[in-house]
2 protein chains.
Amino acid sequence: MALTREQLIDAAVGILSEFGLADLSMRRLARELDVQVGALYWHVKSKQELLVEVAAKLLDSVPKPDSPAVNLAPMAIAALLSQLRTALITIPDSAEVMQLAQSMRPDSLDPLGWLLEFLEICGVPESDAPMARHVLVNHLLGSISAQQESLALAAGTEPTAGSDTWGQESFDYGVRVILRGIIAEYPKN
Amino acid sequence: MALTREQLIDAAVGILSEFGLADLSMRRLARELDVQVGALYWHVKSKQELLVEVAAKLLDSVPKPDSPAVNLAPMAIAALLSQLRTALITIPDSAEVMQLAQSMRPDSLDPLGWLLEFLEICGVPESDAPMARHVLVNHLLGSISAQQESLALAAGTEPTAGSDTWGQESFDYGVRVILRGIIAEYPKN
DNA sequence: ACCTGAACACCGTTCAAGT
DNA sequence: ACCTGAACACCGTTCAAGT
């Protein structure tokens, strides 16, 4: 039975989740799928294109939520960013993959369209919403990769119980501060 | 005359500045310096270590400034971040290199010690200053890499005059919003 | 102390040729 | 349409041996 583009992407996500980005090579992927390397290039134009698809798949894990009421919008944003964080933090190098995808195709975070929408509910004008989202996403990805490496360094060490606390606290701090700053930017109507 | 670790690092910065991270390989570096690849590994433990040194060198371009007065501290921070941005934006993939260095040795941004200091002048307690800095640095690096790629995509296109405007505006927006949020976090004494 | 030569174990991408 | 086989032009790292 013929290999599918879907299968290819799923296998890539699998290797990433289990072994990290360094092990996610086209050759390794081909081995896993019992095909020759060249076969992959029939389904996918390049490794970069594949990584963009992988990033998209990672974002799918957090589904588009319902629109909140005006006064609840900031808390809804904070909650959903936190959800995204916990989803991505378990996948090695997920932040790097997202950053790569984002820099190769800026519309990679279109799945986060709800973020734009929620920000506008908060009072952010349509023109500024993309910039506000950018700040939040930068913080999300930056926090994740910062913490994933500290987890990697502590891999040899005993797993000091609750070593997530610093990363979590730092992440929450940033979200709170940024949201406050964004809302303060626009005088209440 | 013997090769120096300094020369090695400088050559690396040179290749990065001229051709980008993709061309910065140990073999290319060796060719440029008229030595065999193995020679590099006498001066440097690994490519990663070299990149950390490169990142440090990039940060050196903005020297530690004098401490501002309390009421001017936020503007001083904004001004210096802007200076850092203009210094790094001319160097291809500089943000990626900084992020790599940061994730390999978290004290990579010790050169930005002034940022901690300035934040404390703004009223941020010592315990929170590292988190506040993290948010600002994430925004700085995220903005830079976002814009560098849009420059790379526009490389084939005609250089639409003033195409920096969006990146600049988006960067300034983020700095303003984050600083406002940070300051609002702490009731005035 | 500093470097060469050569190897080891990999990469991403392309493409004629097969089925 | 989908894949193989094989090549091209690279990687980072190690290490005996040279000077």
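## Contacts with DNA strand D

In this predicted model, a polar backbone atom of A:L3 is 2.7 Å from a phosphate oxygen of DNA strand D; a polar contact is a pair of N or O atoms within 3.5 Å. From chain B, an N or O atom in the side chain of B:K47 lies 2.9 Å from a phosphate oxygen of DNA strand D.

Helices are DSSP runs (H or I, at least four residues), numbered from the N terminus. The largest share, 4 residues, comes from α3(A).

## Annotated region

The UniProt record, an unreviewed entry, marks residues 25-44 of chain A as "DNA-binding region"; such annotations may be inferred rather than shown by experiment. Over residues 25-44 the chain is 75% helix, and the end C-alpha atoms are 14 Å apart.

## Relation of the chains

Chain A superposes on chain B by a rotation of 180° with 0.0 Å of shift along the axis (RMSD 0.0 Å), fitted by least squares on C-alpha atoms of residues with pLDDT of at least 70 in both. The two copies are thus related as by a two-fold rotation axis. In chain A, the C-alpha of A:G181 is nearest the axis, at 1.9 Å.

## Basis

Residues are numbered from 1 along each chain, and chains are lettered from A in the order written. Local features need pLDDT of at least 70, side-chain atom pairs 80 or more, and side-chain values use heavy atoms, without hydrogens and water.

Definitions and conventions:
Helices (H or I, at least four residues) and strands (E, at least two) are DSSP runs, numbered from the N terminus. A polar contact is a pair of N or O atoms within 3.5 Å; within protein, one must be able to donate a hydrogen and the other to accept it, and residues adjacent in sequence count only if both atoms are side-chain atoms.
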